[in-house]
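Dear colleague,

Here is the structure I promised to pass on to you. Please look through it first, and then read my notes on what was found in it.

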Amino acid sequence: ADFEPWGVGVEIDGVAHLRVADAERDDHRRNVLGTGGRLMITISSHLVRVRPGAAAVMTAAALLSRGWQPGTATLAGLERLAVAEGMDLRTGDWRRPARPAS
């Protein structure tokens, strides 16, 4: 998926991307795009199938990092989705449980 106004691209990688030659071509293309200023994120097709909400949060985090300003209702929905997925909407990272005090 390409989000041109924000300079963000999302690549969904399936099993074909595990072949070395395909992975090298993908890496090269992402490197060229990144050198040109685009933010390219990669999400596995497995994650899209089993945790589509996580894929959506990762995509939203990339867009937010580039200045995307969703409407209030959309942002609230994304925040709820991020909590449900155990993720940080601002970074797209998984939230880690608090460590017990020593």
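Glu11 is buried, with a relative accessible area of 9%, where buried means under 20% relative accessible area, exposed means over 50%, and partly exposed lies in between (1.4 Å probe, protein chains only). Please keep in mind that this is a predicted model, in which local features need pLDDT of at least 70 and side-chain atom pairs count only at pLDDT 80 or more, while totals for chains, interfaces and linings use all residues. Residues are numbered from 1 along each chain as its sequence is written, and side-chain values use heavy atoms, with hydrogens and water left out.

The side chain of Glu11 meets that of Arg29 in a salt bridge, at 2.8 Å from N to O; the term stands for a side-chain nitrogen of Lys or Arg within 4 Å of a carboxyl oxygen of Asp or Glu. Because Glu11 lies in strand β2 and Arg29 in helix α1 (residues 20-35), this pair ties together parts that are 18 residues apart in sequence. Helices (H or I, at least four residues) and strands (E, at least two) are DSSP runs, numbered from the N terminus.

Asp26 counts as buried, at 8% relative accessibility. Through salt bridges that share partners, Glu11, Asp26, Asp27, Arg29 and Arg30 are joined into one network.

Strand β1 (residues 2-3) runs antiparallel to β2 and is joined to it by two bridges, and two strands are said to pair if DSSP finds at least two bridges between them. β2 also pairs with strand β3 (residues 39-44), this time in the parallel sense and over six bridges. Val8 in β2 stands opposite Phe3, and Val8 also stands opposite Leu39 in β3.

Best wishes
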